[in-house]
Amino acid sequence: MDSDSLHSAELTPRPIILHKNDFEALYREYWQRLYDFALCKTHDKDVAEEIVQDLFVNIWEKRKELHVFNVQSYLFVSVRNKVINYYKQKVFADLDTANDTVAPDYPLFLEELEAALQGAMGQLPQKTHDIFLLNRFEGKSAREIAAKLHIPERTVEYHITQALRQLKVLLRNSTTLLLAFISSITF
């Protein structure tokens with residue numbers, strides 16, 4: 001089958017059976033047009049070339065099974081489908097790597113959160129800071145702190161309340177997760 005018979009095949013609804021010379025003629029006739037079409041859709045020369053080469057390899061491997069009535073339509077629709085498959089694979093590959101990129105951000109956020117909390121606690125008056133640390137980070141009750149520092153229990157509760165109020169103000173610009181963190185360490 002030569003190039004003229006390829007075009008005439010578009011007009012006649014009969015299957016085309018490719019022989020080696022037919023395949024070479026088909027390749028020479030359509031390769032550049034199909035490559036340009038694939039390049040227009042993918043904007044990647046390597047991907048476009050791979051798509052067209054893969055199409056011709058498939059045609060050659062299945063040449064005895066193919067029943068093509070319109071060569072041009074078959075080739076362009078095949079390239080279009082391969083472009084769609086390329087983008088599907090790319091999306092799934094991006095989704096597979098999405099978890100990898102999110103995971104490292106979490107420790108960074110915790111470091112930022114800890115730094116913000118440490119900075120805010122550094123602005124508390126020393127006595128309020130010490131009482132808050134004993135209560136929220138060492139888990140001591142107001143009674144235990146009062147006994148340790150030899151101050152009334154009501155004074156300990158006052159300093160804890162003041163610390164929470166000041167931390168909320170100082171950390172207002174931080175995310176809600178920071179407030180959730182502070183709430184989680186309160187009891």
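Author: His43 lies in the loop between α2 and α3. Helices here are DSSP runs of H or I with at least four residues, strands are runs of E with at least two, and both are numbered from the N terminus. Keep in mind that this is a predicted model: local features need pLDDT of at least 70, side-chain atom pairs count only at pLDDT 80 or more, and totals for chains, interfaces and linings use all residues. Residues are numbered from 1 along each chain as its sequence is written, and side-chain values use heavy atoms, with hydrogens and water left out.

Look at the backbone of His43. Its phi is positive, about 60°, although His43 is not a glycine. Most residues other than glycine have a negative phi. His43 counts as exposed because its relative accessible area is 67%. The cut-offs are these: buried is under 20% relative accessible area, exposed is over 50%, and partly exposed is in between, with a 1.4 Å probe and protein chains only.

Now take the helices on either side. Helix α2 covers residues 20-42, and helix α3 covers residues 45-61. Two packed helices are described by the angle between their axes and the distance between the axes. For α2 and α3 the angle is about 150°, and the axes are 8 Å apart. Axes are lines fitted to C-alpha atoms, for helices over the stretch in contact, and angles run from 0 to 180 degrees between N-to-C directions. α2 and α3 are therefore roughly antiparallel to each other. That word is for angles over 145 degrees; under 35 is roughly parallel, 65 to 115 is roughly perpendicular, and the rest is oblique. The crossing of α2 and α3 is right-handed.

Which residues meet? From α2, they include Phe23, Tyr27, Trp31, Leu34 and Ala38. From α3, they include Val47, Ile51, Val52, Leu55 and Phe56. Contact means heavy atoms within 4.5 Å. The residues of this contact divide into 17 nonpolar, two polar and three charged. Nonpolar covers Ala, Val, Leu, Ile, Met, Phe, Trp, Tyr, Cys and Pro; charged covers Asp, Glu, Lys and Arg; the others, Gly among them, are polar.

Compare another loop. His150 sits between α7 and α8 (153-170). Its phi is near 60°, again positive in a residue other than glycine. His150 counts as exposed because its relative accessibility is 72%.

Five nonpolar residues, one polar and one charged make up the contact of α6 with α7.

Finally, step back. The protein has nine helices and zero strands. Buried residues make up 31% of its 187 residues. The protein exposes about 12,400 Å², and carbon and sulfur atoms supply 56% of that. Accessible areas come from the Shrake-Rupley method with a 1.4 Å probe; for residues, only the protein chains shown count as cover.

Key
Left-handed = near helix turned anticlockwise from the far one by under 90°.
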